[in-house]
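Colleague: I would like to learn how to read the features of a model one by one. Can we go through them in order?

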Amino acid sequence: MTDIVLTTFNARYQHAAFALRYLKANLGELESRATIVEFSMQHTVLDAVERILAMEPKILGVSVYIWNIDVATQLVQTVKTLRPDIIVVIGGPEVSYDYDELPIVAAADHLITGEGDLAFRELCQSIRAGQPRPNKIIPGGLPTFEQLQTPYHLYTDEDVRHRVIYVEASRGCPYRCEFCLSSLEVPVRQVPLETFQSDLDRLWSRGARQFKFIDRTFNLNARVSQTILQYFLERYEPGTFLHFEMVPDRFPESLRTIIQQFPPGAVQFEIGIQTLNEEVASRIQRRQDLQKTEDNLRFLRQETGVHIHADLIVGLPGESLESFGCGFDRLYSWGPHEIQVGMLKRLRGTPIVRHDQEWQMKFSSHAPYEILSHRLLAFDQVARMRRFAKYWDLIANSGNFPSSLRRIVGSDSPFGNFLELSDWLHVRDVGTRGIALNRLADLIFEFLVTVREQSLDQVKDVLAADYARSGRRDRPSCLRSNRRSTPTPNLERKICEIPERQRRRLP
């Protein structure tokens with residue numbers, strides 16, 4: 001019997017709802033009476049409502065995030081319209097702060113703020129015992145891992161085969177970066193290593209080979225991060241892929257030694273740089289030793305096979321377009337495989353709002369609450385950077401055009417040179433979505449030949465080599481008349497099981 005349904009809208013099918021699994025795993029005697037029902041953003045709200053109501057739950061738990069707040073609101077409102085007797089409980093980062101005026105909170109029966117692993121169980125026990133809580137808002141608290149049951153047994157065989165397996169070795173963050181919700185969390189809590197390794201053993205024995213650690217600061221505790229990396233190194237086999245979010249200026253020699261032993265493409269580090277303007281970083285309480293950060297990124301790029309995904313943010317208070325461009329060029333020179341250009345978001349509860357008046361910060365009132373303008377960054381410049389970010393992702397981060405990218409960015413100013421391409425695409429009314437790879441190749445060809453006035457034959461050769469790396473059999477228009485012989489890369493020697501985006505970076 002299903003008394004409790006736990007649901008959410010994931011951004012994509014491949015993303016499993018880690019929080020729902022934690023909630024179910026910690027329901028105690030009620031775990032067997034609870035069911036997880038996941039949807040993606042491709043599902044309609046009415047289809048989701050139909051499936052949920054068919055299960056006839058007494059309690060519905062809904063996990064709410066910045067990407068699904070609108071559809072989650074429609075879901076809760078529709079369920080309460082059709083079945084007002086169902087007790088709807090909501091939670092998640094998007095409703096844990098500044099929630100008073102949110103329609104989804106008005107529609108729900110209860111809101112659990114913060115970490116709800118234990119609070120949700122207590123609420124469900126009270127409801128089933130006929131003793132409902134009088135308070136609508138329930139603080140979730142900060143449970144220790146010793147109080148929690150880990151949720152990894154709730155990954156199904158289908159999850160293991162087709163979805164990202166999320167794991168965590170710690171919660172919390174000691175830093176106070178004002179744009180981030182982690183700045184509100186204290187303290188950092190570590191999973192007991194013995195327990196965590198037992199969980200990894202069970203996942204590994206079931207065939208899991210791709211793990212995404214959601215720890216905000218995986219390398220904060222060097223001893224723990226070394227132990228976990230050594231665990232995977234000893235078991236490594238082709239197809240193993242590990243993702244970690246790393247503090248950029250903390251790579252002691254002992255950690256470097258282990259990292260160097262992993263094969264190319266097996267490990268990805270997400271490294272939040274955010275800004276290289278020290279005045280801006282100080283303004284938003286972001287502590288970072290830039291010299292150590294540079295040394296570490298150069299080490300990772302030159303002496304390891306780690307895939308480096310670095311983040312920069314557009315729109316931080318006091319960061320102009322010129323300042324951002326200088327930071328981008330500096331980061332690019334350090335050699336990360338990907339530079340994720342993100343737009344500043346006004347996440348609920350974050351102290352970034354304290355700069356609103358001084359820096360004339362203006363944000364969209366609709367999720368994901370992106371920056372619209374500030375004192376040094378006009379709206380048209382923000383729009384320009386939003387396009388830059390999309391095109392950079394399509395051309396540079398995708399790994400589809402490595403040789404062509406070098407011709408686009410040149411050596412003097414990668415930011416300025418790529419911005420020129422971005423502006424040119426915009427003038428030609430080229431959208432940032434749904435551009436076929438062959439059309440993108442044609443556009444790059446036209447830009448390099450007509451705008452940059454580069455050699456037609458050389459550009460063809462470069463694009464042909466890039467296109468061949470993709471393994472595609474079709475050819476863009478610009479290459480159909482090319483009779484030059486372009487050797488096809490040896491794709492068989494590449495590890496097909498690791499993610500495609502990282503596989504394109506392998507030698």
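Colleague: In which loop is Pro368 found?

Modeller: Pro368 is in the loop between β15 (362–363) and β16. Helices (H or I, at least four residues) and strands (E, at least two) are DSSP runs, numbered from the N terminus. The peptide bond from Ala367 to Pro368 is cis, with omega near 10°. This is a predicted model, in which local features need pLDDT of at least 70 and side-chain atom pairs count only at pLDDT 80 or more, while totals for chains, interfaces and linings use all residues. Residues are numbered from 1 along each chain as its sequence is written, and side-chain values use heavy atoms, with hydrogens and water left out.

Colleague: Is Ser373 buried or exposed?

Modeller: Buried means under 20% relative accessible area, exposed over 50%, and partly exposed in between (1.4 Å probe, protein chains only). Ser373 has 14% relative accessibility, so Ser373 counts as buried. Ser373 belongs to strand β16 (residues 371–373). Contact means heavy atoms within 4.5 Å. With neighbours within four places in sequence left aside, Ser373 is in contact with Gln360, Met361, Lys362, Ala378, Phe379 and Val382.

Colleague: Which residues does Glu294 contact, leaving aside its neighbours within four places in sequence?

Modeller: Glu294 contacts Arg330 and Trp334. Glu294 sits in helix α11 (residues 290–303), and is buried at a relative accessible area of 16%. For a distance between two positions, take Glu294 and Leu443: 149 residues apart in sequence, they are 34 Å apart in space, C-alpha to C-alpha.

Colleague: What is phi at Glu56?

Modeller: Phi of Glu56 is positive, about 50°, although Glu56 is not a glycine. Glu56 is in the loop between α2 (45–54) and β3 (59–63), and counts as exposed at 58% relative accessibility. Gln285 is another residue other than glycine with a positive phi, near 65°. Gln285 is placed in the loop between α10 (278–283) and α11, and is partly exposed, with a relative accessible area of 38%.

Colleague: How many residues does helix α16 have?

Modeller: An α-helix has 3.6 residues a turn, so residues three or four places apart point the same way. The expected span of a helix is 1.5 Å times one less than its number of residues. Helix α16 (residues 414–427) has 14 residues and reaches 20 Å from its first C-alpha to its last, close to the 20 Å expected. The buried residues of α16 include Phe415, Phe418, Leu421, Ser422 and Leu425. Among the elements that cover the buried residues of α16 are α12 (321–333), α14 (379–397), α15 (402–409) and α17 (437–451). After α16 comes Asp429, with a positive phi near 60°.

Colleague: What covers the buried residues of α18?

Modeller: The cover includes α15 and α17. Among the buried residues of α18 are Val459, Val462, Leu463, Asp466 and Tyr467. The end C-alpha atoms of α18 (residues 456–469) are 20 Å apart, which agrees with the 20 Å that its 14 residues should span. Just after α18, Gly471 has a positive phi of about 80°.

Colleague: How many disulfides does the structure hold?

Modeller: A disulfide is a covalent bond between the sulfur atoms of two cysteines. The cut-off used is a pair of cysteine sulfur atoms within 2.5 Å. The structure holds zero disulfides. For Cys177, the closest cysteine sulfur is in Cys173 at 6.5 Å, too far for a bond. For Cys180, the closest cysteine sulfur is also in Cys173, at 6.4 Å, again too far. Cys177 is buried at 9% relative accessibility.

Colleague: How many cavities of 30 Å³ or more does a search of the whole structure find?

Modeller: Rolling a probe the size of a water molecule over the atoms shows where empty space is left. On a 1 Å grid over the protein atoms alone, a cavity is a set of points where a 1.4 Å probe fits but cannot get out, and a pocket is an open set with protein on both sides within 12 Å along at least five of seven lines; lining residues have an atom within 4 Å of a point. Grid points are joined across faces, edges and corners, and a volume is the space filled by probe spheres set on the points. The search finds one cavity of that size. About 60 Å³ of space lies in the largest cavity, whose lining includes Ala169, Asp215, Phe218 and Asn221.
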